Structure formats: C-alpha cells, structure tokens
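Please consult the sequence and the model while reading.

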Amino acid sequence: MARRVALLGALLAGPAIASPCAEDLLRELGWHIEHAAIDTPRIAGGTPCQRASLAQAQAAGDLRAVLPQAPARAQAALQAMFDDPATVCAYAFRLGDAARRASAQLAANEGYRFFGLQTGWIGFGAEGAQAQGWQRFRSFGRGYAPAAANSTALEAFYRGHVRTECGVGRQVAQLATQRELYGDAAFDAAFTPGELSIGTFVTLHDTDSILLGAHAGEFLADGKAVRTSAMGRQAFMGVPGFIEHAFSKRFLDDISNQAENFIVVDVSEQAAQALAAHGGLAYYDGLNRQLWQLSQQVDGLGRRGFERLLHERDSALRARLDPYERQVVARMDAILDDPFYRGFVVYVHPRGVQPIGYHIARLLDRNPRTPYTIDLALHNLHTTLYRRWIDERLRQCAGATYR
C-alpha cells in the first residue's frame with residue numbers, strides 16, 4: 001500500500017505526467033477546469049452528493065475550477081482537488097452505478113442461494129471451490145480467497161452455484177462493486193487474492209482483506225449516518241450496513257433472520273431529504289419500534305402476513321381485518337409512507353434489491369418479539385478504496401505496470 005501511495009504522490013507531483021494525467025482524470029470525473037492568469041486557484045466544488053446525477057450536478061454549477069497558468073501552482077491545486085469532498089462525490093456517482101450493476105448480477109443468479117444443506121460456512125456445491133475460482137484457507141469454509149483471476153472468482157457468484165449467509169453476501173456485493181468499478185483487467189491486477197478474502201467477519205480481521213483486514217486502511221465510522229445524511233444521497237452509494245434485532249437473542253424466533261446485511265444501491269431525493277432533516281438513522285429506529293408496537297395489535301395474518309399486508313398492500317388480506325385492526329394498519333401505513341422506507345434501496349442476499357421498508361415489514365413476520373435497528377457499517381469507500389482507485393487510474397494514464 002505504501003508503494004501505491006508513493007506512486008500516487010509521484011504522479012501528482014511529476015512535471016511530465018502530473019498535469020495531464022491528474023487533470024484528465026478530474027475532468028473524467030466531471031470537473032470543468034479552466035486556466036487563467038491568476039495566482040490563487042478558484043475551486044467551486046458545490047454539492048454534487050445532493051444531486052440525482054452527474055449531469056444535474058454540472059448543470060447546477062458544481063465541480064468548477066479555474067487554475068493558475070503557472071505549472072507548479074496548477075499541479076498543487078490539482079493535488080488538492082483529489083482531496084476535495086466534491087471529487088469524492090463525483091466518484092460516488094460511478095460507485096453507485098457499479099453497486100447497481102453488481103447487485104443486479106448477484107440477484108439474477110438463481111444458483112446463488114442462502115444457507116441450506118452444505119458443508120462449511122460457505123458452500124460451493126458439487127463443483128467445489130477450486131472449480132469456481134476459490135481456495136480455502138480456513139477450516140469449515142470460514143475463509144476463502146481467489147485461486148486464480150479475481151474476476152473469475154467473483155463470476156462464481158454471478159453465474160455459479162454457491163451458498164452463503166447474508167454477511168458473506170454483503171462482502172461479495174462489496175467486492176463485486178469494486179469489480180464493476182475497475183473493470184475485469186484492472187480488478188485482476190490491482191488486488192492480491194488475500195485482499196479479496198471472504199468468510200466470517202472475524203476471519204477477515206486476520207487477512208489482507210480490503211474490507212476489514214490489514215489492507216482496509218482508514219475507516220469511516222458513521223453508524224447512524226449523521227455525516228453521510230448531511231453530505232447527501234450519493235454519499236450512501238455502495239455503503240455497507242445492517243438491520244439488527246434491538247432486543248437480546250432470547251427474543252428471536254428465527255435465528256437465520258437475526259440481522260440482514262446490505263449495501264446501499266439507491267437513495268431517492270425525498271429519502272435523502274428525510275434523512276438530512278432527521279439527522280440520520282436514529283430517528284428511524286424510533287419509527288421501527290413504533291411499527292413493532294403496533295404490529296402486536298394485529299394477529300392471525302398467516303405466512304408472510306406483514307410482508308403482504310404492509311409491503312404488498314394485499315387488498316384481500318386487508319379486507320379480513322376487523323375495524324380496530326384497520327385503524328392500526330392505517331397508522332403503520334402512515335409510518336411506512338415516509339420517503340425513507342420507500343426510497344432507501346438496498347441489496348440483501350438472498351432478498352435481492354428492495355426498499356428498506358420491505359425488510360422492516362418482513363422482519364415483523366420472522367421475529368415478532370423484537371423491533372429492529374438500522375446502522376451503516378465501518379467502510380473505507382471514501383478513504384482507502386477511493387485513493388486506490390485514483391491511484392489505479394493515474395497508473396493507467398502513465399502507462400505504468402504492476403510487476
């Protein structure tokens with residue numbers, strides 16, 4: 001990692017490469033850059049994270065810079081622009097596209113399933129791990145790393161027959177997002193097998209994992225999304241998180257649904273505004289508890305009852321409610337009509353891509369004796385992984401090779 005950081009500094013500082021490579025990459029990310037006879041750069045990043053698209057951000061006047069004509073001052077400004085939050089937001093547009101492509105591929109693979117009859121924490125079926133591009137490094141399937149090309153290993157989850165629980169599902173979605181962001185050739189070259197380890201979360205801490213291990217680098221800790229909500233909707237793209245039972249495990253009836261691990265794939269404008277207005281996710285933990293308390297007053301719904309009642313709005317099921325229960329359900333509907341529940345969209349294995357409200361309703365069926373909370377997990381998407389992607393793009397511009 002130190003070698004990569006040193007190279008990044010050299011690319012940004014070197015007179016023959018820095019100016020065209022750094023400026024070209026910033027322009028590719030969406031910056032409009034001009035040069036003028038000025039001494040001090042004028043950088044107007046704006047608020048691209050609050051926009052629906054890069055085009056909307058540019059139309060609003062975001063991502064504009066006027067740099068000095070003097071090469072040394074222009075290069076210093078370009079280097080500073082890579083640290084500008086607006087550049088991270090510009091990168092987040094690409095990250096969101098990558099997360100959506102990855103989650104769509106994972107959700108479409110009918111051969112990628114949840115726990116079932118298998119040996120070990122991760123099951124590669126009759127074909128076995130090696131045949132699908134993975135090698136085991138921990139017993140009972142608790143740890144695997146790519147055996148050949150990184151892209152081949154991830155392809156097993158796009159096309160192969162694999163079983164995992166949702167924690168590994170989240171890891172796979174995070175790594176698949178990086179694959180989609182880089183493209184296969186760069187993804188294969190930029191990361192070592194150990195950096196793409198999957199397994200139990202505890203296992204990853206003892207590996208070179210870019211998610212939770214030695215090469216993860218600098219984490220952003222924003223569990224209740226206070227800072228992320230203030231930045232805007234694009235700041236959520238690709239970010240990992242989890243929905244977890246609020247009460248102790250003795251209140252669980254379905255241990256397989258004690259939590260749901262996710263990555264964020266989309267946030268509507270209205271959902272982002274609601275999150276910003278309420279200061280993040282803690283407000284919605286309170287609403288989740290209200291939903292759970294109200295659910296105690298409705299029974300006899302049958303299999304997938306609350307999922308059908310609240311998410312699908314099943315008219316036949318609603319017709320069976322007595323007058324009091326209809327009033328209760330109307331109050332639950334009103335809560336779930338908050339834009340957050342409808343417009344905060346996540347990928348969860350094996351549930352696919354769904355709004356967060358779907359999961360809250362579904363979990364009322366699976367574990368009716370506890371409410372659920374929602375948190376963002378530790379992540380390095382805007383820190384270490386961002387800098388590594390910038391590094392890789394500058395390497396490509398400079399024509400550098402890895403080994």
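Q: In this predicted model, how many bridges join strand E9 to strand E10?
A: Strand E9 covers residues 240-245 and strand E10 covers residues 259-267. The two run antiparallel. The number of bridges joining E9 to E10 is five.

Q: Which residue of E13 is the bridge partner of isoleucine 243?
A: E9 also pairs with strand E13, residues 372-376, in the antiparallel sense. This pairing extends over five bridges. Within E13, the partner of isoleucine 243 is isoleucine 374.

Q: Why is one side of E1 and of E2 left without a neighbour in the sheet?
A: Three strands form an open sheet with mixed pairing, in the order E1-E3-E2. Strands E1 (32-36) and E2 (42-44) each have a single partner strand, so one side of each lacks a neighbour, and both therefore stand at the edges.

Q: Which residue of E3 is the bridge partner of glutamate 34?
A: E1 and strand E3, residues 64-68, run parallel and are joined by five bridges. In E3, glutamate 34 has as its bridge partner valine 66.

Q: What angle does the direction of helix H4 make with that of E3?
A: Helix H4, residues 71-82, packs on the sheet and touches E1, E2 and E3. Its direction and that of E3 make an angle of about 150°.

Q: Is H5 parallel or oblique to H7?
A: H5 and helix H7, residues 166-182, pack with their axes 8 Å apart. The contact includes Tyr91 and Leu95 of H5 and Val172 and Leu181 of H7. The packing angle is about 120°, and angles from 65 to 115 degrees would count as roughly perpendicular, while those over 145 would be roughly antiparallel. The arrangement of H5 relative to H7 is therefore oblique.

Q: How many of the 11 residues of helix H17 are buried?
A: Helix H17 spans residues 356-366 and is largely enclosed by the rest of the structure. Its buried residues include Ile356, Gly357 and Ile360, and Tyr341 touches these three among others. The number of buried residues in H17 is nine.

Notes: Residues are numbered from 1 along each chain as its sequence is written. This is a predicted model: local features need pLDDT of at least 70, side-chain atom pairs count only at pLDDT 80 or more; totals for chains, interfaces and linings use all residues. Side-chain values use heavy atoms; hydrogens and water are left out. Contact means heavy atoms within 4.5 Å. Two strands pair if DSSP finds at least two bridges between them. Helices (H or I, at least four residues) and strands (E, at least two) are DSSP runs, numbered from the N terminus. Axes are lines fitted to C-alpha atoms, for helices over the stretch in contact, and angles run from 0 to 180 degrees between N-to-C directions. Angles under 35 degrees count as roughly parallel, over 145 as roughly antiparallel, 65 to 115 as roughly perpendicular and the rest as oblique. Buried means under 20% relative accessible area, exposed over 50%, partly exposed in between (1.4 Å probe, protein chains only). Lists of a residue's contacts leave out its neighbours within four places in sequence.
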